[in-house]
Every structure is written in C-alpha cells, then in structure tokens.
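Thank you all for making the time this morning. I would like to walk you through one chain, beginning with a detail and only then stepping back to the whole.

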Amino acid sequence: MVYLLLGTGFEETEAVAPLDLLRRAGVEVLTVGVTGKTVYGSHKIGIEADITIDEMDLTNLEMIILPGGLGGVATARASRKALDALRFAWENDKYVAAICAGPTVLADLGITDGKKATCYPGCEGGMGSAILAENAASVQDGKLITGTSAGCAVKFGLALVEALKGKDAAEAIARQIVIR
C-alpha cells in the first residue's frame with residue numbers, strides 16, 4: 001500500500017501528478033487527509049481524500065509520500081500521526097518520498113541525514129546534513145526519494161513508479177503520457 005499525505009495547503013501538482021502516474025502503473029495508492037476528508041491545497045483546489053489519517057493501516061505499507069506546499073508541510077509538522085507514520089516507514093525499511101518543501105520534514109526526523117536529496121530552492125537550510133543534489137528534478141538514495149518542485153512532479157512521480165514497479169513500467173508510463 002502507498003499512502004500520499006494531504007495536509008491543508010499542499011501543492012496540488014506535487015500530489016496529483018505522482019498519484020496519477022502511480023495509479024496508471026497499477027500501484028494501489030490511497031490519499032490520506034491529515035486534517036479531514038476534504039483537504040484544500042495551496043491554490044484552493046479541494047480534494048476528497050480516500051481516507052483520513054486515523055484510518056491509515058501501516059501493516060502493508062510500501063511507500064509514504066509527502067507533497068510540498070508550505071501549508072501542507074506545516075500541517076504535516078503539526079500532526080503527530082503524520083510524523084509517526086513517516087518515521088515508522090523509514091524505521092521499517094519502506095520507501096519514504098517527499099517533494100518541494102516536504103523533504104525538510106524528513107530532515108526534521110533525521111531521515112535525510114547523510115543521504116543524497118533535493119528540495120525546493122531556498123529550503124536547503126532546512127535539510128540538515130543531507131547531501132544536496134543541485135539541479136536535480138528527483139533524487140533517490142536507497143529507500144529515500146526526493147523531488148524539487150511542482151515543475152518536477154512528473155519526473156518525481158516516474159521515479160516513484162520505477163522504485164515500486166521497475167524501470168520498464170516507468171518507461172511505459174512515460175511513453176503513455178508522451179514525455180518529450
């Protein structure tokens with residue numbers, strides 16, 4: 001199971017693009033409302049989450065994803081359940097993925113320490129001792145996958161597909177959506 005956390009003020013593109021690509025690849029993904037069932041993104045687009053954070057079952061977890069958006073990141077930081085789920089995933093050798101300002105939450109938890117990562121330009125100061133990759137759309141270091149921004153959401157999503165389903169599946173999805 002893959003969970004995609006949605007906190008009030010999340011960056012819509014960073015949530016929906018990876019969600020769409022993962023589902024196209026046949027990955028079971030549930031959106032998780034950190035603040036309730038209907039969550040509004042940073043551009044006031046409402047998304048009805050599949051489940052609330054209280055309904056998450058981490059027993060079959062494969063990956064957890066945190067989109068950016070300053071409000072969404074602040075919401076995740078304020079949620080003990082969101083932080084505990086991210087920590088649980090990392091400590092149990094599951095994929096942990098975040099994009100934009102989201103990786104700074106992972107840094108708060110020590111997940112990015114000594115790992116190659118990327119984040120939104122200007123958020124580098126919140127990345128702890130991560131080894132930052134400049135000019136990278138997406139970076140994978142073991143079970144940690146990070147992305148830079150909304151403009152990199154498709155490449156980030158394809159990296160998530162590749163991690164879970166393999167390179168051939170990611171390339172098939174890239175052809176399907178006509179990446180140029």
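This is a predicted model: local features need pLDDT of at least 70, side-chain atom pairs count only at pLDDT 80 or more; totals for chains, interfaces and linings use all residues.

**A helix, its end, and the rest of the chain**

Let me begin just after helix H1, where Gly 26 takes a positive phi of about 85 degrees.

If you look for its buried residues, you will find Glu 12, Glu 14, Ala 15, Ala 17, Pro 18, Leu 19, Leu 21 and Leu 22. And what do the buried residues of H1 pack against? Their partners are the strands S1 (2–6), S2 (29–33), S6 (63–66) and S7, together with the helices H5 (153–165) and H6.

Now to phi angles elsewhere in the chain. Cys 100 sits in the loop that runs between strand S7 (95–99) and H4, and it counts as buried because its relative accessibility is 10%, where the cut-off is under 20%. Val 178 is also not a glycine, and its phi is positive too, at about 60 degrees. This valine is placed in the segment after helix H6 (167–176), and because its relative accessibility is 47%, Val 178 counts as partly exposed.

Let me turn to two further loop positions. Gly 36 belongs to the loop between S2 and strand S3 (38–40), and with a relative accessibility of 22% it counts as partly exposed. Its C-alpha atom is separated by 5.8 Å from that of Thr 52, although the two residues are 16 residues apart along the chain. Which residues is Gly 36 in contact with, once its neighbours within four places in sequence are left aside? They are Ala 49 and Thr 52.

The other position is Thr 112, found in the loop between helix H4 (102–108) and strand S8 (116–117). Is Thr 112 buried or exposed? Its relative accessibility is 0%, and therefore it counts as buried. Not counting residues up to four places away in sequence, Thr 112 touches Pro 103, Leu 106 and Ala 107, and also Met 127, Ser 129, Ala 130 and Leu 144.

Finally, the chain as a whole. It has 6 helices and 11 strands, and its C-alpha atoms fill a box of roughly 40 × 35 × 35 Å, taken along the principal axes. For 180 residues, a compact globule would have a radius of gyration near 16 Å, and the 14 Å of this chain agrees with that. Of the 180 residues, 52% are buried, and among the contacts with a separation of 6 or more, 63% are between residues 24 or more positions apart.

As for the surface, the chain exposes about 8,100 Å², of which carbon and sulfur atoms supply 49%. Its side chains include 17 positive and 22 negative ones, and the centres of these two sets lie 3 Å apart.

Key: Residues are numbered from 1 along each chain as its sequence is written. Side-chain values use heavy atoms; hydrogens and water are left out. Helices (H or I, at least four residues) and strands (E, at least two) are DSSP runs, numbered from the N terminus. The radius of gyration is taken over C-alpha atoms; the globule rule is 2.2 Å times the number of residues to the power 0.38. Buried means under 20% relative accessible area, exposed over 50%, partly exposed in between (1.4 Å probe, protein chains only). Contact means heavy atoms within 4.5 Å. Accessible areas come from the Shrake-Rupley method with a 1.4 Å probe; for residues, only the protein chains shown count as cover. Lys and Arg count as positive and Asp and Glu as negative; His and the chain ends are not counted. The place of a charge is taken as NZ of Lys, CZ of Arg, CG of Asp or CD of Glu.
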